[in-house]
Amino acid sequence: MVQEVLYNEFPQRRDELRKCKVLVVGDVMIDHHFYGKEAQPGSHHIHFGETAYEAEREVVMPGGAARVAANLAAFGCDVTCVSVVGAGEDDVGRAEVLRKLVSNKWGVKAEFIPSADRFTTLKTRFHQKSRSGPDFTMGVHREAAIRIPDDVEAQIVKRLDPLVQRADAVLVADFDKGLVTAGIAEEIGKLTSQYEVPLVVDPKNDWTKYKGMRIRAMIMDLQEFYNGALELPGRTELPQNEDEFKKDLEKAVERWPDIDAWVLTWSDGGPQVVWTKDTESWPKASRHQFNFTTNDRERIVGGGAAFTAGFVAG
């Protein structure tokens with residue numbers, strides 16, 4: 001069972017992963033978090049009818065594919081991240097902030113190509129404990145979710161061959177912001193097949209560009225499963241029970257025979273390997289959340305699904 005591999009062989013597999021050279025291709029962004037509380041009534045900065053919040057702590061961290069790359073680097077992998085960042089006046093230095101976050105702090109080799117037609121995605125969130133109601137988070141996001149220009153696509157394609165050739169694994173973190181075009185996906189599929197490099201894909205809702213590729217592990221949440229694997233973009237209801245999902249999964253596996261393993265992410269329980277070619281029972285593994293920390297015990301969030309995919313992909 002995959003469950004036994006994840007638990008019993010973790011020390012050995014962990015050491016193997018730490019020797020890996022991993023290429024991450026995908027949409028990078030900055031996650032800017034403020035943590036605070038609702039301001040006291042009568043504060044000078046609150047106008048009539050407004051609610052203000054006081055930030056007590058803030059954290060700036062890599063997001064999207066940059067976070068995936070940082071997770072892998074924190075675990076000890078030799079990581080290269082290929083992406084596109086903003087280069088226009090409106091970017092106000094965000095690209096350089098992101099480059100320093102992943103390179104200086106985590107040791108990721110940042111192959112970030114500047115593009116004047118966009119700005120580096122910035123996601124700002126305020127997390128607060130309310131005095132009068134439930135805790136909540138509010139966010140302001142600024143992003144350029146548009147297809148990259150042809151000349152930028154050509155630059156990425158040109159860089160891929162030597163990077164894939166030296167990699168032990170390739171992970172595509174496609175957040176649907178315009179970087180992973182059909183042409184780039186096709187090139188990655190061709191090169192990973194040519195050099196026999198395992199390919200792991202974390203797509204959003206459009207899976208058509210990955211059709212026919214040999215994928216060692218596909219990562220998704222339930223909404224992405226129905227939108228992408230079964231091409232049901234209008235479906236909003238989740239399965240009522242395990243048997244219903246099993247039937248849908250069987251349909252998806254039949255439609256996508258070149259995917260070796262399916263990794264489903266759950267907000268409450270971490271990633272679950274729901275199907276692999278070399279096991280017979282279902283579900284294939286119980287839910288298991290991976291949390292990773294650096295040497296100074298700083299927690300790296302969001303690594304569970306990528307690492308679970310790495311385990312089942314070998």
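**Briefing: a strand residue, a helix and a helix pair**

T121 is found in strand β6 (residues 121-129); strands are DSSP runs of E of at least two residues and helices are runs of H or I of at least four, numbered from the N terminus. The model is predicted: local features need pLDDT of at least 70, side-chain atom pairs count only at pLDDT 80 or more, and totals for chains, interfaces and linings use all residues. Residues are numbered from 1 along each chain as its sequence is written, and side-chain values use heavy atoms, with hydrogens and water left out.

**Residue T121**
- T121 is buried, at a relative accessible area of 6% (buried means under 20%, exposed over 50%, partly exposed in between, with a 1.4 Å probe and protein chains only).
- Leaving aside neighbours within four places in sequence, T121 is in contact (heavy atoms within 4.5 Å) with V28, M29, I30, R142, E143 and A144.

**Helix α6**
- The buried residues of α6 (residues 182-194) are I184, A185, E187, I188, G189, L191 and T192.
- The cover over these buried residues includes β1 (21-26), α5 (150-166), β8 (169-173) and β9 (199-202).
- Just after α6, E196 takes a positive phi of about 55°.

**Helices α7 and α8**
- Helix α7 (residues 222-229) packs against helix α8 (residues 242-255) at an angle of about 45°, with the axes 11 Å apart; axes are lines fitted to C-alpha atoms, for helices over the stretch in contact, and angles run from 0 to 180 degrees between N-to-C directions.
- The contact is made by L222, F225, Y226 and A229 of α7 and by F245, D248, L249, A252 and R255 of α8.

Methods. The expected span of a helix is 1.5 Å times one less than its number of residues.
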